[in-house]
Amino acid sequence: MSAEIHEFQVEARQLLQLMIHSIYSNKDVFLRELVSNASDALDKLRLEALRDDALDADVSDLHIALDADAQARTLTVRDNGVGMSRDEVVSLIGTIASSGTARLLQELKDTKDADAAAGLIGQFGVGFYSAFMVADEVTVVTRRAGESQGTRWTSRGEGTYTVEAADDAPQGTAVTLHLKPADAENQLHDYTDSWKLREIVKRYSDFITWPIRMPAHATTAADPGGDSAGEGAESGPAALETVNSMKALWARSREEVTDEEYHELYKHLAHDWLDPAETILLRAEGTFEYQALLFIPSHAPHDLFTRDQRRGLQLYVKRVHIMDDCEELLPPYLRFVKGVVDAQDLSLNVSREILQQDRQIQMIHRRLTKKVLSTLKDLMTSAPDRYATVWREFGRALKEGLLSDFDNRDTLLSLCSFASTHDADEPTTLAQYVERMKEGQEEIYYLTGDSREAVENSPHMEAFRAKGIEVLLLTDSVDEVWVTAVPAFDGKQLRSVAKGEVDLDAGEQDKQTVSDRENQQKEYTDLLSWMTGELTQDVKEVRLSTRLIVSPACLVSDTYDITPALETMYRAMGQDVPHTKRILELNPGHPLVSSLNKAHTERNGDPDDSGLGDIAELLYGMALIAEGGALKDPARFAKLMADRLTV
Ligand code: ADP
Ligand code: MG
């Protein structure tokens, strides 16, 4: 097969350009990325070999090797792992699958701040491309375990790459970098210098559980860090030694490990370039022993809310990597948590089916969930700023837990923080809300909707605003759902200001207001029953409102009815829900309403008077528009309006 020239996918090309023009100042991390990929490839091969007896692959001495040539100015990172087929090379290296890439690229272009840009680029997980920060040409020679034909991939990172057959390629992958000249000013070190390479490996990849080998140093015959790989050394010209300690960080006590070491493990596991927001170490001893090292990332992946997002922790059994994305260890609403669980008593060839049933796994699941939530709770008080970031990134996912995790509902509620009418910028917790509740206020008020602006300006808020009563502004779509499932916090009912009857004066009513109300009710009885009949297609009742101050009318749901937003959501999910009619509330203090009542009384309910019927319809339409709803027949509404406005 002759060499074929391919073009990089557009997004991939743009990312490469960013890499080459080095928006990331710490160039050393390229090695962390290549070693991380090699380590993943070894994990994958080990798993495949375990599952498939017939796989024609050599798993006897899985390792990573670094090979530098100062004369040729090349560095090769080699592994004898799973390798890639020709098609895999093209799809995995030539394209970026991530759906959020285009948006992130745009953000990057808009960012002038170098630190922010470096942060953003960390979100791509552009591991392999980081090679182009230090190399002007990269060659990959790879052979998929079990296949006979190898592939050579070469690129200068400038829009195209070539792919050709490579005969005699050993199993696994060798990535060779043709290094750019060292340039201290740009933090571009001499990556053929074996001291430098050791330093980088120690710093970023020490915990990798596979040996990383380099030619032994003449001056370090007795290498203090690693065990010499004698068997590998005999055949080659130079003796090889292992330069990483391969020690599992989760098996070491917290005092022995620096935060930086934890963070590097996180970056390898999560394919992230940014430090995590929090590290959690947990050890269970006794009859059922396990260790867990968990991380809460500092930013959400762009696919946190897509259905095919990979989630789960890495499962190890007695230091041996058994499974990626083990979903059974944490509930779906904690899918953003990354990390490792190493259990002592599971079988090495445990399957997913077994895991789902396993009592020990269920115990770990419960314990880890509680631990993550209590860590978040602590973070709330110990580092409120960091907590605010975590909530901003993952709050929407955590709120899903209010629907599914009954055991931890109270903790989850205490973690929640919401926008509120109390402060334009600062969100509030429920506890803080309760503390501020007015004397006599029994319930926690909220309003759901699409945006803060829409919710804040809704007619439903009028009486609450006038009385200075705080209302939570819930604008995530998940809010619509969990509020129906959570009855109360701290003994206080959660209550929508757009549902049921609201009577903010109930506590302070004197005899006078009571009798005023009763008179008003009498005065409007005829109008209300006539209008209920007129609008029967659209509403189940027309009644007087106590929640309106300036608007003539608004629509409310009955206390236990589902809201229109929820109805729409269920429909979108393909569920057949009946249409629920709402209640139209009129503001007797509004001249439009009082004059309508007057006109209606004067005409003595003449059933043929279509003029009043039009006004009833207009009132309903206005109430719908005011809350951001859509009219069934906008053209008709416009016509009725035009007729009325004609002078
Ligand atoms: P990520 O590691 O986050 O998936 P990378 O850009 O580092 O992203 O790598 C892209 C993909 O290329 C990997 O997911 C893997 O499938 C493949 N790959 C990279 N390096 C190797 C390797 N040494 N062996 C096998 N596959 C590799
Ligand atoms: Mg990678």
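Here is a quick briefing on this protein chain, from its overall build down to a few single residues.

What you're looking at is a predicted model. The chain is built from 21 helices and 23 strands. Its radius of gyration comes out at 33 Å, well over the 26 Å that the globule rule gives for 647 residues, so the chain is more spread out than a compact globule.

**Overall build**

- Taken along its principal axes, the C-alpha trace runs to about 110 × 60 × 50 Å.
- As for how the chain folds back on itself, take the contacts with a separation of 6 or more: 71% of them join residues 24 or more positions apart.

**Surface and charge**

- Burial takes in 50% of the 647 residues.
- The chain exposes about 31300 Å², and 49% of that comes from carbon and sulfur atoms.
- If you count up charged side chains, you get 69 positive and 110 negative ones.
- Despite those counts, the centres of the two sets lie 2 Å apart.

**Alanine 68**

- You'll find alanine 68 in strand 2, which covers residues 64-69.

**Glutamate 33**

- Glutamate 33 belongs to helix 2, spanning residues 29-51.
- Once residues up to four places away in sequence are left out, glutamate 33 touches Gly127, Ser130 and Trp273.

**Cysteines**

- A disulfide is a covalent bond between the sulfur atoms of two cysteines.
- How many disulfides does the structure hold? The count is zero.
- Cysteine 416 has a relative accessibility of 2%, so it counts as buried.
- Cysteine 554 comes in at 1% relative accessibility, so cysteine 554 counts as buried too.

Terms used
Residues numbered from 1 in each chain as written. Chains lettered and ligands numbered in written order. Predicted model: local features only at pLDDT ≥ 70, side-chain atom pairs only at ≥ 80, totals over all residues. Heavy atoms only, no water. Helix = DSSP H or I, 4+ residues; strand = E, 2+ residues; numbered from the N terminus. Rg over C-alpha atoms; globule rule 2.2 N^0.38 Å. Buried < 20%, exposed > 50% of the residue type's maximum accessible area, 1.4 Å probe, protein only. Contact = heavy atoms within 4.5 Å. Areas by Shrake-Rupley, 256 points an atom, 1.4 Å probe, with all protein chains shown as cover. Lys, Arg positive; Asp, Glu negative; His and termini not counted. Charge placed at Lys NZ, Arg CZ, Asp CG, Glu CD. Disulfide = S-S within 2.5 Å.
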